[in-house]
Amino acid sequence: MDVTTAIATILKREGVRYLFGFPSNPLFDTGIAEEMGIRTIITRQERTAVHMADAIGRLTGGDEIVAFACQHGPGTENSIGAVAQAFGESAPLVAIPAGYDRAKTDVDPKFNSLINYQQVSKTCEQLSDPDAVGETMRRAFSAVRNGRPRPAVVEVPKDVFPLELSGELEYTPTGASRLGPDPVAVEAVAEALVAAERPVIYAGQGVHYAHAWGELQELAEVLEAPVATSLNGKSAFPESHALSLGAGSKSEPGQLAHFLREADVIFGIGCSFTQTAYGITVPEGKTIVHSTLDPRDVNKDVRADHVLLGDAGLCLAAVTETVASQVDDDRGRFDDVAAEIAEVKESWLAEWMPRLTSEDAPISPYRVIHELTEVLEPAETIITADAGNPRDFLAPFYETDEPLSYIGWGKTTQLGYGLGLALGAKVLHPEKVCINIMGDGAIGMTGLDFETAVREDLPIITICLINDEMASYDTPFGGNFSTVAEGLGGHGERIADPAEIRPALERAVQLTRDGTPVLLEFMTEKETELSRPDLDG
Ligand SMILES: Cc1ncc(C[n+]2csc(CCOP(=O)(O)OP(=O)(O)O)c2C)c(N)n1
Ligand SMILES: [Mg+2]
């Protein structure tokens, strides 16, 4: 057996259903992956392929790991940004870039993945000995499945792919195991939460990876405490729940800022508390309880008063059990907290209603978001929004209840990431309406991968908010992207009349249900006003 066949065999045994990438790489060129029953999807550039793999890792809460492959040199050079994005967002995937022949791997100016991917991967190895293929791939999959999910990279020099193994390939797939919390720390955390007068729970993406949505809701209800999420954690807690504060990002709902400001204890669960413009700013003077899987995040940007390490589900269950044994079934707080949330939310929404329902032309981007919330069935939808203002228009106003129905991101914010995420979502969930929203700056980065939607039968909806510039950068751009979409074989529409927004969205949903990818470009005004209640008062 040669190395190419061995890798394809290992991918199959690891349950990999999809291989994304860009040729050449023997995993595509020989047809071996397809032969093994692994669907191969070729994109128009490496970046989008990595984003698609990343989406599947995230949308399965780490249960499904898929792979990426590309050629040596330019392929790896063009992929590193997307791997960096997956690293930043803690998305699990296995990348198998080809490398230059072993004799040239360290020779100037050849790009060496082993060296260059170190900083953006959880593990990074070069396979130089064909007989090490099993153990090398095992380390990669084990790293991705256990602990904090992040990409693993295995560079395979191109002269290694055809080499024969000296014996049989022996390979047993890796598994995942959870880390449990320290019982002493559980006691201390429970005590701090029970003693808190105005606790706020802040849930991160770790809750998704732990599939701990039920445990989160249980703690919130036992404690009768409000719940915010990070942008990556959005949809970890039902946003229609009376205790929901919504998601924290650059823009956020009024109730979230209000409750954070008034909190005495903030319990971060499955979150990194990374300081970023696209996350909450933890106000001074709060007692911080930090529960996370990755000890490197503890005391990183935010000092913690109490620390609880471990899987978010196990941590939540343990804390809830202890809290429940110390509080009455009904502490009498629920109704007060719910009423306070409802009141602040109502006045915050009232402030935004004129924009959300604006009749103006050029169209207000907020009107597009509002119509989306009216047309879409969030439980049947997976949505994401790109860097730039589209992310900040969508996040506070689009409410979602179904776990993993919103792909929030922002630890790093590469324009154009959202298109690949929507494509990856559609691969995984052909039955759902998969949407990405991007500005005209973002579409310039990856927009031609709309052709991948057409060719690979992935009928997504791409919404483009056109303001003929990069609004916060005062940089003008042009282009008619609905005609580009038509030229690429999809359905494109340009909408300038606000009364046409809803019918266009309804048509788009129907067209994608019938199998046609749709790009809607809305001609919007320049809008940079964001919901920033954290900056008020
Ligand atoms: C790859 C990359 N380069 C630069 C940036 C910085 N950046 C963030 S938003 C933005 C402009 C986005 O413009 P557009 O997509 O048109 O959205 P708008 O804000 O105009 O609605 C830029 C340049 C980035 N996020 N990613
Ligand atoms: Mg723009």
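**From a loop residue to the central sheet**

D474 sits in the loop that links β17 to β18 (475-476). The model is a predicted one. Phi of D474 is near 50°, a positive value in a residue other than glycine. D474 counts as exposed because 9 C-beta neighbours lie inside 10 Å, and the limit for exposed is 12 or fewer.

N299 lies in the loop between β11 and β12. Its phi is near 60°, again a positive value in a residue other than glycine. N299 has 13 C-beta neighbours inside 10 Å, so N299 counts as partly exposed.

The shell around ligand 1 holds 18 residues, and G388, G439, G441, M470 and A471 come nearest. By class, eight residues of the shell are nonpolar, eight are polar and two are charged.

Now turn to the sheet. Six strands form an open sheet in the order β9-β8-β7-β10-β11-β12, with parallel pairing. Its edges are β9 (244-248) and β12 (306-309); each has a single partner strand, so one side of each is left without a neighbour in the sheet. On average, neighbouring strands of this sheet are turned by 15° against each other, direction ignored. Helix α8 (residues 183-195) packs on the sheet. The helix touches β7, β10, β11 (287-292) and β12, and its direction makes about 130° with that of β12.

β7 pairs with two strands named here. Five bridges join β7 to β10 (residues 265-269), and the two run parallel. Within that pairing, I201 has F267 as its bridge partner, and Y202 has G268. Three bridges join β7 to β8 (residues 227-230), also in parallel. There, A203 is bridged to T229.

Next comes the nonpolar core. In soluble globular proteins, nonpolar side chains tend to be buried together. The largest nonpolar core of this model has 161 residues, and A67, F68 and L216 touch the most other members. Take A67 as the example. Neighbours within four places in sequence aside, A67 is in contact with L11, V16, L19, A53, L93, V94 and I96.

Two cis peptide bonds can be checked in the loops. One runs from D108 to P109, with omega near 0°. P109 is in the loop between β4 (94-99) and α6 (113-116). Another runs from A361 to P362, with omega near -5°. P362 is in the loop between α13 (334-356) and α14 (365-375).

R532 lies in the segment after β20 (518-523). Why does R532 count as partly exposed? Because 14 other C-beta atoms lie within 10 Å of R532, whereas buried needs 20 or more and exposed 12 or fewer. R532 and E64 are 468 residues apart along the chain, and their C-alpha atoms are separated by 36 Å.

Methods. Residues numbered from 1 in each chain as written. Chains lettered and ligands numbered in written order. Predicted model: local features only at pLDDT ≥ 70, side-chain atom pairs only at ≥ 80, totals over all residues. Near = placed C-beta within 6 Å. Nonpolar A, V, L, I, M, F, W, Y, C, P; charged D, E, K, R; others polar. Core = buried A, V, L, I, M, F, W, Y, C linked by C-beta atoms within 7 Å. Contact = placed C-beta atoms within 7 Å. Helix = DSSP H or I, 4+ residues; strand = E, 2+ residues; numbered from the N terminus. Pairing = 2+ DSSP bridges. Axes fitted to C-alpha atoms, helices over the stretch in contact; angles between N-to-C directions.
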